[in-house]
Amino acid sequence: MAIGDFHTHSTHSDGKKTVPELAAMAARAGLRAMALTDHDSTAGVREMAAALAPHGIRLVPGVELSTDIPGSEVHVLGYFMNIDDPAFQAELARFREGRLGRGLRMIEKLRALGMDVSWERVQEIAGDASVGRPHVAQHLVERGYVQSIPEAFDRFIGRNGPAYAEREKLTPAQAVKLIRSAGGFPVVAHPHYTPDAEAILAELAGQGLSGMEVYYKDLGPEKVEELLAIAQRLKLLPTGGSDYHALGNPGEREPGDIPLPDAAVEALLAAGEACACPAVVAS
Ligand code: AMP
Ligand code: ZN
Ligand code: FE
Ligand code: FE
């Protein structure tokens, strides 16, 4: 078990665990540091800091932004931002708004395929979360059109699926800039999902990128070595996390059940101190 986990999702985006549930899991796992990285939302950050504090667990404020590259996407994590930065929050609000229109368009496409699905139900499942495709996938599962969330992606709402809809997204460089403009530390998430990742990482390293995920979820030692070599060549800080969603998908790892070395945890925390980012005050 690791002593840190810097990539987790709650019910403020497409995770199934509430902030108190996640905090309890972190305490049981014996974590010392954690980041909550909901998609396009920092709504859970203050509550998470307060829930972790009694356990002596340090919360790193986080967010995950999806960005577009031709034919694929790159996810950019931000750590240590000033979550009260109005321009930063205005951008996040705009992204969440874009998720609403895009979710509705996906439902329209599914209905055109003859499926009895409703946008109202997807919004009910999402509650006040930043709406994501996993919410749509859960609706397809409950209606019996698919057996699992991955099947919903494979057959309908994955990037090349018949019910996929785009939303307006930043480029990776714009996401890096946005996180930096709020005093944050930008890190590329799960780079091994991106084809030709090293070229993209190299370009972003020249545009303010600070780190990349190396110790992700259930990655084995060979893949970790390969990613670590890229991080070293590009002078990017290697970080890691479980990307825990509690969706029950195959390969899911619980918070802390990841190959993240203690030294990598310390290095990210030290980077946070060095960037003199505003401390998150529990309230
Ligand atoms: P969205 O942010 O709405 O584009 O949805 C992306 C989220 O869907 C990711 O963060 C994952 O949690 C989830 N996801 C993406 N691809 C798959 C897949 N093939 N199977 C299951 N979940 C996926
Ligand atoms: Zn997600
Ligand atoms: Fe991601
Ligand atoms: Fe994620």
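This is a predicted model: local features need pLDDT of at least 70, side-chain atom pairs count only at pLDDT 80 or more; totals for chains, interfaces and linings use all residues.
Residues are numbered from 1 along each chain as its sequence is written, with chains lettered from A and ligands numbered from 1 in written order. Local features need pLDDT of at least 70, side-chain atom pairs count only at pLDDT 80 or more, totals for chains, interfaces and linings use all residues, and side-chain values use heavy atoms, without hydrogens or water.

Start by selecting ligand 1 and its shell, meaning residues with a heavy atom within 4 Å of it. You will find Asp14, His39, Arg99, Arg102, Gly132, Arg133, Pro134, Ile149, Pro150, Phe153, His245 and Asn249.

An oxygen atom of ligand 1 lies 3.1 Å from a side-chain N or O atom of His39. For Arg99 that distance is 3.0 Å, and for His245 it is 3.0 Å.

Now color the helices (DSSP runs of H or I, at least four residues). Helices α3 (86-112), α5 (133-142) and α6 (149-157) each give the shell at least two residues; α6 provides the largest share, three.

Finally, select domain 1 (4-85 + 169-274) and domain 2 (92-157), whose bounds come from an automatic or database assignment. Both contribute shell residues, so ligand 1 lies between them.

How values were computed:
A polar contact is a pair of N or O atoms within 3.5 Å; within protein, one must be able to donate a hydrogen and the other to accept it, and residues adjacent in sequence count only if both atoms are side-chain atoms.
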